[in-house]
Each structure stands twice: as structure tokens, then as C-alpha cells.
Amino acid sequence: MRFILRRIAFYAVALFIAISINFLIPRLMTGDPVQLMFARFQGRMTVEALDSLKETFGFVQGPLLEQYITYLRNLSQGNLGLSVAHFPEPVTDVLRIGLAWTLRLIGLATIISFAYGTLLGIMAAWRRGKFVDSVILPITSLLGAFPYFFLAMLVLYAFALGLGWFPLGHAANINIRQDWGSTEYVLSVIHHMMLPAFTIIATSIGGWMLGMRNNMIGVLAEDYITMAQAKGLSNRRIMFSYAARNAILPSITGFAMSLGFVLGGALLTEIVFSYPGMGYILLNAVNTRDYPVMQGTFLFITIAVLAANLLADIGYVFLDPRVRA
Amino acid sequence: MSKKFLLAVSMLLVLSFGLSAVVAQDDVPRGGTVTVSHEAFSTVNTAWSPFAPNPNPGLLGFVYEPLLVWNEVTGEIVPWLATGYEYSDDLLSVTFTIREGVLWSDGEPFSADDVIFSFNLIQEYTELDRGGLLGFVSGVEKVDDTTIRFDLSEVFTQAHVEIGEFRPVPEHIWSEVEDPVTYNPENPVATGPFANLCVLEEQVFELCRNENYWQEGRPYVDSIRYPAYPGNEQSNLAMVSGEIDWAGHFVPDVENTYVAADPEHFNYYFWPGGGTVNLYLNTTKEPFSDVAFRQAVSQLIDYQSVVDIGMYGYTIPSDPTGLGPRFASAASQEALDTAAEMGLGTYDAERAAATLDEAGYVDADGDGWRDNLDGSALAFNVQVVNGWTDWVTSVQIITQNMQDVGLNAQVVTPEFGEWLNNLQTGDYDVSIGWSSSGFTPWNYYRDIMDSTLIGSDGLRNATTWAGWTSEETDELLAAFTSTADEAEQTDILNQIQQAFVENVVVVPLFPGPTWYEWNTTRFTGFPTEDDYYAQGSPWSRDSNSRLLVAINIHCVDDTSCGQGE
């Protein structure tokens, strides 16, 4: 228990520091949101309009300390402020849609990729040199080494444009009303999710598999495995309860980290498959120097990474008795 | 010459104008949903206030209409919510006549009071002044039920254009709004042909026809629909698959990648009437402060290759005045003659080398590169926005041209925000950049040369990026908008051009192509290259001229766009 409390205190301090850095980082970039918004019109807007823009965006123009205090005060009330690029929309509204789709697509894909990757890694280590180890592992590693954009475009051209099995883009058929109660809509969402999810899993599964396999091999060489075998325990029991349980610890940390980063979105996936999500929102925010949206996105990522790590720490407590001491 | 301009174009004329490409109105097939794409977006931008700095891409014009529309192609002002305007004799006020019989989309009548209310709104909440009207309008007065007078704080004879761009909001809705600055209407009430937001999903929205629209029988189509495409590849794919009816996208090698997919129905016309793309030389820095050096730069560029290779042949080389085909008639012969004499805007590497030799930029240390006048090494960067492939290629050609005459120039590609910041703070050597395209050529020159646009903090606003100013041109630029006499304006404009050319303030490269593609499988009535009645690109602009196209599009025949299904 003391261990968990100590971790929580540590995370609280880390959160505060991260929040402050989230405020500072966007403002360290050259470029000014108001000038960029004006420039977006490339001379199609009269220069007189600049004054009103400056006035509108007073909240990103004042002295840094003043902005920081306002930011902290708003944050303590759960208010992320107003977006610059989508003014007068609040940041929470801008992030809402992207967050939901990112969680669905990237979250799901990450979990599937981790689960199958780890399982395959265990099998590869257990039967070294056999099919999983000598055929599947090289294939997944090769896929992981592919430039993602290239693989995604290839898949899109082959299965969507060429064969027509999958839609060219979007999160659902845009001709169907969005209604989570309707089977047609839900099926359309799943249909639209398959291709992007496949590309994400295909490029990330190799990493999980290789990591797990290598950890597992180290553990399998331990004396207690030989001991367990000598005791005549079933292979399944040795494989999962004796070997994998120990070997999975580093993978759990990696998984927690990547779950946290899920919220950053997957920019390339989103662009190739016209999929809504946080990556595109963040890219747009960076391009327009939309400080409030950047802060909001970073905040969610920070909280998610910290929360996932906290969960991983707690998970350790259960998986590894040594930590409990 | 009278100082009055009375624009008494009747309602009939407006209609017949719109109909130029169509047969009798009764025969026009109705219905259908036009799928449009110009801006890249991933989820729908739900800023539905006309005062939003970056509103929904379909909002301006289609939903909220202006008082006057101006047509970039013909140079005409088309009466819209106002039927005409008239300056007072002292030019210190301009009176607008407000159209009668217009209804808001909720059925309430539109009146002069709405316009006055809307203007008072921006006076009260100055941050809503998107058109920058408060810079020259001091107040608004109701003359009678259909006339309102805008009082000007100084003589400004472009006032009618800028006030004409103003898009009023309904008083009966906005007067109840607590904070108009952050107000975001859920379903905007407006006067436009498509002022009815009927579909709003995360990745698509549709603007349906306004049944109360004031132009009898218009628009012909039922709705305009915007699906989300987050990048060029996605929208190009949708265009090729025939999903999109009306687009405003850059398409590489358009003949082969787009038209070839369905030559009978897929069309494009990149009218070279956008703002001129210039090469900016930082005239506050050596050696770019030297006119002779700038003259040599203007001579060494292979304009034809820039246009053919960098811009895929989508535009033409600019003339040295930078006015382009849109304002060709305003180009001063005297300025053109001066330019010809100086060899500006004509590719001649030998002459450029001679100009540089003569000015003293010679290779002093024998390293193969020309040096500064004092003998120090001369090397500079040409900056272009990272990822803007057409511009990057253009700049690569220009840099090669520079190297060919012995100038040690390198391409640098900062990210957009940094690129802009460099230009505005004067922290660059040479850069490619756009320029302003307004109602008159005055906007182009003013935004490049007017010293009042350079802030007290030294920030080079608008396109004053060259940093070149002179009191004389400042006076000329001010004089242009202080007179309503056309002959006088022409004379002033000629003098401005003369100064622009003589000093090689910037090096005009090519007029910006306006991206526009249309698909005639379902719809017709689009401007074509032969009948370019208005600018075809669906992008929202100050002119609001996309309205002219939107109310003119209609189904090819009674079945082409799935009517009545």
C-alpha cells in the first residue's frame, strides 16, 4: 500500500510539471497564431481585418505570466479555453470527436496488437525454430520495418480502390445518419475500421512479438523452469504461469506507455484513411499555432500516460511479488 | 465628370446576368445535391458565426450574403442585398439602397434595420470587425426605410467595395445574444441561397436550399454537400471516382490524373487571375538593397521553366508590373517600356551577368562565386514553405538560375509558420510569396509598398515583406483612394507602377492559378473556359463571387442527378 501511495504522490508532482511544460512548449515555437490565421487567406483578406483578429485573440497575445495564470485558473475549473483555429468553439468540443474515434480505432488496434503479439512471442520462444518462430516472426518484423505511409497507401489502393472490398475512407458511411443504436451504422463503422486497424496492427505486432520472445527465452533458461519441468508440471502451466508471467513485465511497461500515447492519435492513419482523430487535430493545431488546442491535447496525453503507468505499477504489484516488499 | 456613381442595376439585370449560360428559367431542371470540396478537413468545422475568424467552409456567401458581390473576372460590382450605392459630393459618406422583399431563412423580413444593427454590433464589439470597416467608417445612419448612409472618417473611395463585402446578421436573433463574440448559432438564420443547415454529421455537412430565397426560382439545386477529405490524395481520389461535382484543388498533372478518367465529363480551368506570386528580396539587407542587384535577379530567372515545370504549366509568366491578365488593361505602357529597357521579367542570363559585373558583383577571390562589393563572400538563402511542392520546384529552378550566373544561392524550406515569421520580421534574404488580390490593382501595390502597413514593432504586415518604402509612393497610394475621378486614379496608378518597376521592388513571377474542377455527369451551368462568367473556384473569398456560380448550377437534365428519388 505504501508503495502505491508513494507512486500516486510522485504522479501528482509529475502532472503539475507536465501541465506547465504543456503550456510553455507551444509558445516556444516561432510564429504567431493571429498572423498565421491572417496569412492563411494568402492576400484574399484585407490587412485592416488584422486588428480585429488581434483583438479577438487577446487570450493568446498577452504577457506570458498572465496567460499562464489564466491557464492554470481555467484548468482548475476543468475549462480548457477556446480554440484559436475554430474560434469560438471551446477546446473540449474540438477534441471530443477526435478523442472518441482515436480511442476506438487506435485503442482497439493497440490492444489487439499487444495481445496477439505477446501470445505469438510466447509461442515463438517456447517452440524455437518452429513455424511461428521461423516464419511468422520474420514476416511481422518485416512489416514493422515498412514505412507506415507506404504500406497504408498500398493497402488502400489494393483493397479499397482496386478490389473494392473496403471503403476509401471516413469513419463510417457518410450517407448514413450517425446513430449508435442502428445496426447498419455500427456495421458500417466496423467495416470502415478494418483496413486502418489492420495496417496499425500489421506494423506494430512485430515489435511486441520480438520483445516478448526475447524476454521469454531469457526466462526459459532459468533453473526454476527446469525445476518445474522436473516436477512434471504441464507444459501449458509452465509456459504461462512460470515463464510468461515473469517475461511479460517489461512488455507491460511498454504497453502502458503506448496506451498513453494512443491519445496522440495516428496522424498517418488518419490522413490516408480520412479517419477523424487526434493526430490530425494536433497537426492542425501546430500548423495554426492553436495554443489552447495543443495544451488540451498534451494534457490528455499526459494524463493518459501517467494513468497508464500508474496502472502498470499497480499491475506489477500483482504480477511480481518482489515489488510488494 | 460627376463624382457620383449611381449603380442602378435593376433586379432584372442581375437575373439575366446569372442566366447567361442557361435557357429560359422554366426549363431548368431542378433538384440534386452538389458535392463540393475545396478545403481539407477531417471533421466538420462547426463555427457557424459569420464573424468567426475561420468559419465553416460553406458559410460565407452560401449562407450569409454580402451587400454587394464583386466579380473578379468582369470587374463588375453585382448588387446583392443592396441594390446600389452612391457617394456624397464630398466623398465623406456613401449611401446604400437596401433590397426590398428579402426574407431571412426563418421567414422574418430582412430590412435596413438589420444592416444597421449588424454594423452597430461590430462597433460595439470591435473584435467582430472582420472586414476592417472601422478603420474608415465612423458611423451609420438610417435615411429612410430602404436607404442607409455610412459616414466615413476620411475620404476613401474603395469604401463601397469593402462595405459591400459586409454580411449582415438578423437583428431578431442576434439582439438576444448575450455575447456575440463567442456566440455560435446552431442553425444559422441568414438570407443566402443555402441558408439551411440540414445535415450535420462528424465528417459531412449539407446546406439545403433556402425556401425563402429572394431570387425567384433560385437556387436550382436542392443542396450543397461537403464530405471530409483530410488531404489532397483523398480529395483527388474522390474526384477521380466521380464523387465530387465541384472542386477547388491543386491536382498534379491534371490532364492525366483527372480529366483522363472521364474526358467527357471531367473539366478543369485554372484561371490565372489569382494574386501574383512574387520573388521577394529583402531590400533592407545587402546586396538586395541595391536596385542593380534586384534588376539582375529579375533578368536571370527562366520564367517559362518556372511556369512549365514548377507550376505544371498551369499559369503564365507575369508581366513586370505584376498585374497579371486580370488587370492587364490597367498596366501602364510607360512602366512596361521602362521594364523592357531595364530587361525586367525577361530571361537573359548573359544580360544578368553583365548587370552584376557592371554593378561590381564580381568574383574577387576566385572561388567561382560572385562576391559583395567590398569583396566579402556573397551567399544567400532563398526560402520557400516546406511541402508546397509547386513552389519548392519553382524556387529550385530559380536558385539554379542564380547559381548559373555565379550567385551562391541555396534553397531553404522552413515550416509555414517559421517562413511567415521570417518574412514579417525581415529575417530572410530572398523568398517566394503570394500577394494581395483585391478589387483594384491598388490593393496589390499598397500591400507591397505602403509603409503604414509596417507596424511600429517593425512587423511587415500584409505583403510589405520586401521592406521597400518611399514617401512618394506612400503619398501616391493615399491619393488613389482620395479621389473618385477615374482619370486621376489611372494617372496615379501609372505613377505607382513606374515606381514599382524602376525600383524593382519585387520580382513578379506568375499570376496565381485559381484551382477549379467540375464534373458535368450530374450538373451543368458551371463557368467554363469559353464562358467564364465568374470565377469558378468554390473557395470563399472577399468578393463572394462563388455565389454567382452556386445559384447558376443545375442538373444536366431531369434524371441526371437522381431528382425525385
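Two residues are taken to be in contact if their C-beta atoms, placed from the backbone, lie within 7 Å. The structure is a predicted model, in which local features need pLDDT of at least 70 and side-chain atom pairs count only at pLDDT 80 or more, while totals for chains, interfaces and linings use all residues. Residues are numbered from 1 along each chain as its sequence is written, and chains are lettered from A and ligands numbered from 1 in the order in which they are written.

The contact between the two chains draws 42 residues from chain A and 51 residues from chain B. On the side of chain B that touches chain A, helix 5 (232-240) and helix 12 (416-425) of chain B each supply at least two residues; helices (H or I, at least four residues) and strands (E, at least two) are DSSP runs, numbered from the N terminus. Helix 12 of chain B gives the most to this side, namely six residues. Sorted by class, the side of chain B that touches chain A comprises 25 polar, 16 nonpolar and 10 charged residues. In this classification Ala, Val, Leu, Ile, Met, Phe, Trp, Tyr, Cys and Pro count as nonpolar, Asp, Glu, Lys and Arg as charged, and the others, Gly among them, as polar.

Chain A contains 15 helices and zero strands. Its C-alpha trace spans about 85 × 55 × 40 Å along the principal axes. Of the 325 residues of chain A, 41% count as buried; a residue is buried if 20 or more other C-beta atoms lie within 10 Å of its own, exposed if 12 or fewer, and partly exposed in between, with C-beta atoms placed from the backbone. Among the contacts in chain A with a separation of 6 or more, 72% involve residues 24 or more positions apart.

Two helix pairs in chain A share helix 10 (residues 235-247). The axes of helix 9 (residues 223-230) and helix 10 of chain A come within 11 Å and cross at roughly 150 degrees, where axes are lines fitted to C-alpha atoms, for helices over the stretch in contact, and angles run from 0 to 180 degrees between N-to-C directions. Helix 9 and helix 10 of chain A are therefore roughly antiparallel to each other, since angles under 35 degrees count as roughly parallel, over 145 as roughly antiparallel, 65 to 115 as roughly perpendicular and the rest as oblique. The crossing of helix 9 and helix 10 of chain A is right-handed; a crossing is left-handed if the near helix is turned anticlockwise from the far one by less than a right angle, and right-handed if clockwise. In this pair, A:Tyr224, A:Ile225, A:Ala228 and A:Gln229 of helix 9 meet A:Ile238, A:Tyr242 and A:Ala243 of helix 10. The contact of helix 9 with helix 10 of chain A has six nonpolar residues, one polar residue and no charged residues.

Helix 8 (residues 183-220) of chain A packs on helix 10 of chain A at an angle of about 125 degrees, with the axes 8 Å apart, and these two helices are therefore oblique to each other. Their crossing is right-handed. A:Met212, A:Asn215, A:Met216, A:Val219 and A:Leu220 of helix 8 meet A:Ala243, A:Ala244, A:Asn246 and A:Ala247 of helix 10.

The loop between helix 9 and helix 10 of chain A includes A:Ser234, which is exposed, with 10 other C-beta atoms within 10 Å. In another loop of chain A, between helix 4 (64-76) and helix 5 (91-126), lies A:Pro88. A cis peptide bond with omega of about 5 degrees joins A:Phe87 and A:Pro88.

In chain B, helix 9 (residues 333-342) has B:Ala335, B:Ala339 and B:Met342 as buried residues. These residues cover an arc of only 65 degrees around the axis, which puts them on the same side of helix 9 of chain B; the arc is that of the directions from the helix axis to the C-beta atoms. The buried residues of helix 9 of chain B pack against helix 7 (291-300) and helix 15 (486-502) of chain B. Exposed residues B:Gln333, B:Asp337 and B:Glu341 are carried on the face of helix 9 of chain B turned away from its buried side.

B:Val504, in the loop between helix 15 and strand 17 (507-511) of chain B, has a positive phi of about 40 degrees although it is not a glycine. B:Val504 counts as buried, with 27 C-beta neighbours inside 10 Å.
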